[in-house]
Amino acid sequence: MSMKNHAEVAIIGGGIVGCAIAYYVAKSGIDCVLIEKNDIASGTSSRCDGNVTIVDKDPGFDSLMSWKSQELTIELNKELDLPFEYRPLGSLLVCENDREMQAAKEWVDIQTAAGLKFNLLDREDLRQESPYFADDIPGGLECETDSLINPYLFCYSLIEKAKQYGLKLQTQAEVTNITKKETFTIETTNGTFTAKKVVNAAGVWAPFIGKMLDLDIPIIPRKGHIMVGARQKPIMMRNVMEFGYLMNKFGRERIVDKRTEQHGVALVLEPTESQNFLLGSSRQFVGYDGRIDINVVETMARRAMRFYPKMNDFTMIRTYTGFRPWTSDHLPIVSEVDSIPGFFIAAGHEGDGISLATVTGKLIDELIRGVSDTIIPTDPLRFDRFAKVAVTQ
Amino acid sequence: MDQTIICRCEEVSLHDIQHTAATYNCSAREVKLRTRAGMGYCGGRTCRPAVDAVLEAATGEKAGHDIPMKVQPPVRPVSLSVLGGEVK
């Protein structure tokens, strides 16, 4: 076997998580290869939106991870050569009624007490943000440190820099089998690779990689739709989610019509650098069927008009779907697998992959190097936390 | 010739596409995402044959249904109210 196909570390998956891992591992001077079955950012990372947010995170460990990611993203914006449409403008959460407004007040208090930059917004504040909001929207909240990026440009940018640090990149290579003796042997549709350590960063496809080593990885694809609105008049500058998005994400009860609940629909509006805007969102467990469901798109459009009725004549030019890698406790798995020393998992970032990619990449680099004082605590992200709990949807 | 506009909606020139393909030595899909060729208002209904032909020349990839330019619904732009129903 030629040295070209051997590396200290092999990373499987060229989505945003795999790209961030490749960047930090290569930067540490470790010989590494990234193996991707299609192209860089060809799965979930180009079928999503681009939030690096705390606004939708549970206070505590969840928000700490995002906060660390935001700090790393500020550094990367200086370090990386290719721009990735970084816009640190903060983001909003809007409420539909007074009951949500009350919850928003509590949310701001908790997050502020944790040292995060949250502010409550009233009706007048929202009018300043956008003239398109419905008159009866009572208010919301903002997180000042949230930012937007273009996920696939971010991936390209990370890979470009990682290559300068020595990363070897193999795209169009689907992993077909992995075996372990002293080293791992990774067979692909485009050559065989060997590595001392392997990182499974295959997102919703991570369970298939796990199976090759008889490992059950409890990640399930959760499908999400997004619409692209054409550039017309500027709607607003900052990213918006509705408070109900949190409820959907964490599976909490909402007061909405049946269809909205069934399709897991909650408003997300993201102005993009191209001056288009993205409208979301939906969350459904329908396996790996990526077809666009017009019924879900209609529910999303109806939800958008609830918050932005004056946008009724804005034009939608495209819709797409992506699979979010769901785990039962809404935290990713970023961990070595005890039963297979040298095998790491970095997957399961449902809806938070863009937010948490950088902190994940940094942490995996630290785990590989055996750093004891890691960027975030590792216990909540351990793989063996699922060992005693049955996985249910 | 270099400055010929291939994608009108996103104002992408022949030079932009060729330069991107040469600089990053990447797939047709990646050229499209980096330049936004074919990602504008027309959804490729105007520019698709031209973008496909230029990408094939630049990257050697034959245009399939999925790559480089997958057709994404809706078939043509529709207003939010057509999808979401007028407020009654």
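This is a predicted model: local features need pLDDT of at least 70, side-chain atom pairs count only at pLDDT 80 or more; totals for chains, interfaces and linings use all residues.

Q: OK, chain B. How many helices and strands does it have?
A: Chain B has 4 helices and 3 strands. Helices (H or I, at least four residues) and strands (E, at least two) are DSSP runs, numbered from the N terminus. Along the sequence the pattern is β-β-α-α-α-β-α.

Q: What share of chain B is buried?
A: Of the 88 residues in chain B, 44% are buried. Buried means under 20% relative accessible area, exposed means over 50%, and partly exposed is in between (1.4 Å probe, protein chains only).

Q: Is helix 2 of chain B enclosed or open?
A: Helix 2 of chain B is largely enclosed by the rest of the structure, because 7 of its 8 residues are buried. Among them are Arg29(B), Val31(B) and Leu33(B).

Q: What do those buried residues pack against?
A: They pack against helix 5 (151–164) of chain A, together with strand 2 (12–13), helix 1 (14–24) and helix 3 (48–59) of chain B. After helix 2 of chain B comes Arg36(B), with a positive phi near 70 degrees.

Q: Now the interface. How many residues are in contact?
A: 26 residues of chain B are in contact with 35 residues of chain A. Contact means heavy atoms within 4.5 Å.

Q: What area is buried between the chains?
A: About 2500 Å², with carbon and sulfur atoms giving 55%. Buried area is the accessible area (1.4 Å probe) that two parts lose on being put together, summed over both. In chain B, Arg29(B), Leu80(B) and Leu83(B) lose the most area to chain A, together 27% of what that side buries.

Q: Which salt bridge crosses the interface?
A: The rule finds 1 there. The side chains of Arg231(A) and Glu10(B) form that link, at 2.9 Å, N to O. A salt bridge is a side-chain nitrogen of Lys or Arg within 4 Å of a carboxyl oxygen of Asp or Glu.

Q: How does strand 3 of chain B join on?
A: 2 bridges join it to strand 16 (residues 315–326) of chain A, and the two run antiparallel. There, Met316(A) stands opposite Val78(B).

Q: And strand 13 of chain A: are its faces covered or open?
A: Both faces are covered. Asn239(A) and Met241(A) on one side and Val240(A) and Glu242(A) on the other are all buried. Strand 13 of chain A pairs with strand 4 (residues 91–95) of chain A in the parallel sense over 4 bridges. Strand 13 of chain A also joins strand 14 (residues 268–271) of chain A through 2 bridges, this time antiparallel. Val240(A) stands opposite Leu92(A) and opposite Leu269(A).

Q: Back to salt bridges. How many over all chains?
A: The count comes to 28. One of them joins Lys196(A) and Glu8(A) at 3.5 Å, N to O. Those two are 188 residues apart, in strand 11 (residues 191–200) and strand 1 (residues 6–12) of chain A.

Q: What about one within chain B?
A: Lys62(B) forms a salt bridge with Glu56(B), the closest N and O atoms being 2.9 Å apart. Lys62(B) is exposed at 65%, while Glu56(B) is partly exposed at 31%.

Q: Which residues form a network?
A: Salt bridges that share partners join Glu96(A), Asp136(A), Glu242(A), Arg303(A) and Arg306(A) into one network.

Notes. Residues are numbered from 1 along each chain as its sequence is written. Chains are lettered from A and ligands numbered from 1 in the order in which they are written. Side-chain values use heavy atoms; hydrogens and water are left out. Two strands pair if DSSP finds at least two bridges between them.
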